[in-house]
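Q: I am new to this kind of picture and would like to learn how to read it. Could we go through it together, one feature at a time?

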Amino acid sequence: MTNAGDTPTQVQSTLTSLEVQPRKRWLPILGAVIVLFIAVAALWDVATNDRFRWPVVLEYLFNQQILSGVALTLILTVVSMTVGILLGIVLAIMRLAHNRTISWAAQAYIWFFRGTPLLVQLIFWYNIAALYPVVALGLPFGGPSIVLGESNVLITPLTAALLGLALNEAAYMAEIIRSGIQSVDEGQRDAGRAIGMTDAKLMWRVVLPQAMRIVIPPTGNQVISMLKGTSLVSVLAISDLLYSAQIIYALNYQTIPLLLVACVWYLLLTSILTALQGRLEARYGRGFQPRTERKKDRTKRAQSIIENGAATA
């Protein structure tokens with residue numbers, strides 16, 4: 001007996017005791033050997049090159065100043081991505097709005113922040129006091145206002161970094177979330193409206209959960225890019241991971257070992273984020289991707305088919 005979903009090739013392969021071996025292709029094997037040889041040779045050269053000064057790398061790997069920089073880098077990443085995602089959701093909904101004024105406003109925001117370099121935006125926010133010495137809330141065109149304080153006091157280097165990173169990230173997340181929303185079938189919206197859902201409830205309960213499957217992979221890439229992009233705040237003299245390493249090697253002149261320390265931490269953090277991204281993709285991708293069967297399960301099923309066939313005969 002065979003399953004209804006089996007193809008003729010699968011049925012034939014399960015009913016025979018002969019195991020078909022694929023033909024060996026020597027060119028891919030040769031290519032793999034060459035790549036492996038180059039990789040081993042490069043690793044050996046790096047490990048045995050005394051100019052890398054690996055003892056110095058190990059000495060500063062868990063230095064207190066370096067660990068403080070790692071913590072600040074994580075804080076910048078988490079806060080900036082959280083604000084960027086929330087603002088990106090708002091911008092994506094505005095971008096898809098039927099009101100042209102609202103849609104154009106979102107498009108203008110995305111156009112500006114995606115069209116200017118992040119480093120320029122960070123420096124701009126750091127020097128915002130040159131344009132607006134005082135931060136105030138009030139009516140435009142000379143109306144009454146409430147002064148909140150001086151810009152140099154309110155916009156600290158850390159605040160400028162968070163503003164630059166979060167507002168820039170929101171522009172990219174808006175396009176990612178918009179593509180995810182548009183990937184949801186229109187019939188899902190019709191079904192929600194048919195049971196009396198409001199547009200807001202329909203978006204949060206029906207559309208966005210289904211859009212997560214499309215949104216998560218590029219969002220994971222954006223989180224990793226944000227983690228590495230926080231190194232740009234070193235121009236604002238913020239003691240993130242890279243700036244902490246720069247301060248140390250400015251004193252002891254161990255430039256390469258301290259840069260390697262920063263690279264090790266960046267690689268470790270990105271590896272953790274990549275693993276978490278894979279788990280989220282697997283969770284939200286359930287029901288959309290076919291599950292692969294293990295070899296043992298296929299063997300057991302083939303044996304049961306053969307035994308049932310023999311018993312029937």
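**Reading charged pairs and a nonpolar patch**

A: At 24% relative accessibility, Arg95 counts as partly exposed, and please keep in mind that this is a predicted model.

Q: Which residue forms a salt bridge with Arg95?

A: Side chains of opposite charge can pair when their charged atoms come close. Here Glu175 is the partner of Arg95 in a salt bridge, with the closest N and O atoms 3.9 Å apart. This pair links distant parts of the chain, since Glu175 belongs to helix H8 (residues 157-183) and Arg95 to helix H4 (residues 64-95), 80 residues apart.

Q: Is Glu175 buried or exposed?

A: Buried means under 20% relative accessible area, and because Glu175 has a relative accessible area of 16%, Glu175 is buried.

Q: What links Arg95, Glu175 and Arg178?

A: These three residues, Arg95, Glu175 and Arg178, are linked in a network of salt bridges. Within it, the side chains of Arg178 and Glu175 meet at 2.9 Å, N to O, and because they are three residues apart in helix H8, Arg178 and Glu175 are separated by about one helical turn.

Q: How many salt bridges does a search of the whole structure find?

A: The search finds four salt bridges, among them the one between Asp190 and Arg193, whose closest N and O atoms are 3.4 Å apart.

Q: Which residues make the nonpolar surface patch?

A: Leu27, Leu30, Ile34, Phe37 and Ile38 make a nonpolar surface patch of about 570 Å². One of these residues, Leu30, has its place in helix H2 (residues 26-48), and at 48% relative accessibility Leu30 counts as partly exposed.

Conventions:
Residues numbered from 1 in each chain as written. Predicted model: local features only at pLDDT ≥ 70, side-chain atom pairs only at ≥ 80, totals over all residues. Heavy atoms only, no water. Patch = residues over 30% accessible without salt bridge, like charges linked within 9 Å, V, L, I, M, F, W, Y side chains within 5 Å. Areas by Shrake-Rupley, 256 points an atom, 1.4 Å probe, with all protein chains shown as cover. Helix = DSSP H or I, 4+ residues; strand = E, 2+ residues; numbered from the N terminus. Buried < 20%, exposed > 50% of the residue type's maximum accessible area, 1.4 Å probe, protein only.
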